[in-house]
Amino acid sequence: MQLYGYWRSSATYRVRIALSLKNISYQSIEINLIEKGGEQHSDYFHALNPTELVPVLVDGGLRINQSMVILDYLDEHYPQPLLVPITGEQRYLIRSLAQDIAVDIHPLNNLRVQQFLTHQMKVKECDKQKWLKYWIMEGFESLDEKLKPLAGKFCVGADVTLVDVCLAPQVYNALRVGVDMTKYPTLNRVYQTLMQHPAFIAAQPENQTGAPTN
Ligand SMILES: N[C@@H](CCC(=O)N[C@@H](CS)C(=O)NCC(=O)O)C(=O)O
């Protein structure tokens, strides 16, 4: 199994967490999103995913992009531990909370959106930072409210679910742009717990090849 991704990409980070939780061995292939204009735009990567976004998972003859679909694939083929229960109403809740992050928050902060704001819209750096923070804070406010009655040790109860897999990378992004996580006590508490979990530690951006060492 090969994972094409980037150490700082939050969508790749989601997949790394799942691979690590499920103890799946894989080869990590770095696509540097920053240097030389971004390797995601190279002919080599374009042939793999014409959308020019990471991650892409290759397993034998199968090639999947979209991190949430990759996570579905991993849950189906490597069910220990499951990120989404197979039966019961809670699976819909877990999926919708995960999508609150992956579909409604994350895309507004993506690199290509930031690059468009800077180069095409001529938005000043301080206003771009305002944009990044605003959309994360807007999403975190309602997410914190939703998780308050649901959270146990993790986002939904006592076990790690797909919501935690999406939360950790999004909080990582939030901290990078200076969001004050104390405003979101439930998210903050669960994030602190996740950062002690061995599978999450192994998947952290700073623990990947390609990350700066200092
Ligand atoms: N919906 C996609 C989003 C993928 C995505 O946005 N990837 C980012 C990194 S987190 C990327 O490759 N950005 C490159 C760019 O914007 O040029 C997924 O979940 O896989």
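## Close-up views of a predicted model

**Figure 1. The whole fold.** The protein holds nine helices and four strands. The model is predicted. Starting at the N terminus, the elements follow the order β-α-β-α-β-β-α-α-α-α-α-α-α. The C-alpha trace spans about 45 × 45 × 35 Å along its principal axes. A compact globule of 214 residues would have a radius of gyration near 17 Å, and the protein agrees, with 17 Å.

**Figure 2. Inside and surface.** Of the 214 residues, 48% count as buried. Among contacts with a separation of 6 or more, 67% join residues 24 or more positions apart.

**Figure 3. Charged side chains.** The protein carries 20 positive and 22 negative side chains. The centres of these two sets lie 4 Å apart. Side chains of opposite charge can pair when their charged atoms come close. The structure has five salt bridges. Views of some of them follow.

**Figure 4. The Asp75 and Lys22 pair.** A salt bridge joins the side chains of Asp75 and Lys22, at 2.6 Å from N to O. The pair links distant parts of the chain, 53 residues apart. Asp75 sits in helix H3 (residues 67–77). Lys22 lies in the loop between helix H1 (10–21) and strand S2 (27–30). Asp75 has a relative accessible area of 9%, so this residue counts as buried. Lys22 is buried too, at 7% relative accessibility.

**Figure 5. The Lys128 and Glu125 pair.** Lys128 and Glu125 form a salt bridge, with their closest N and O atoms 3.5 Å apart. Both residues belong to helix H6. They are three residues apart, about one turn of the helix. Lys128 is buried, with a relative accessible area of 10%. Glu125 is partly exposed, at 48%.

**Figure 6. The Lys130 and Asp127 pair.** A salt bridge connects Lys130 with Asp127, and the closest N and O atoms are 3.6 Å apart. The two residues are three apart in helix H6, so about one helical turn separates them. Lys130 is exposed, with a relative accessible area of 57%. Asp127 is partly exposed, at 30%.

**Figure 7. Asp144, a buried charge without a salt bridge.** Asp144 is placed in helix H6 (residues 125–147). This residue is buried yet has no salt bridge. The nearest side chain of opposite charge is Lys148, 7.1 Å away. Leaving aside residues up to four places away in sequence, Asp144 touches Tyr184, Pro185, Thr186 and Leu187.

Terms used: Residues are numbered from 1 along each chain as its sequence is written. This is a predicted model: local features need pLDDT of at least 70, side-chain atom pairs count only at pLDDT 80 or more; totals for chains, interfaces and linings use all residues. Side-chain values use heavy atoms; hydrogens and water are left out. The radius of gyration is taken over C-alpha atoms; the globule rule is 2.2 Å times the number of residues to the power 0.38. Buried means under 20% relative accessible area, exposed over 50%, partly exposed in between (1.4 Å probe, protein chains only). Contact means heavy atoms within 4.5 Å. Lys and Arg count as positive and Asp and Glu as negative; His and the chain ends are not counted. The place of a charge is taken as NZ of Lys, CZ of Arg, CG of Asp or CD of Glu. A salt bridge is a side-chain nitrogen of Lys or Arg within 4 Å of a carboxyl oxygen of Asp or Glu.
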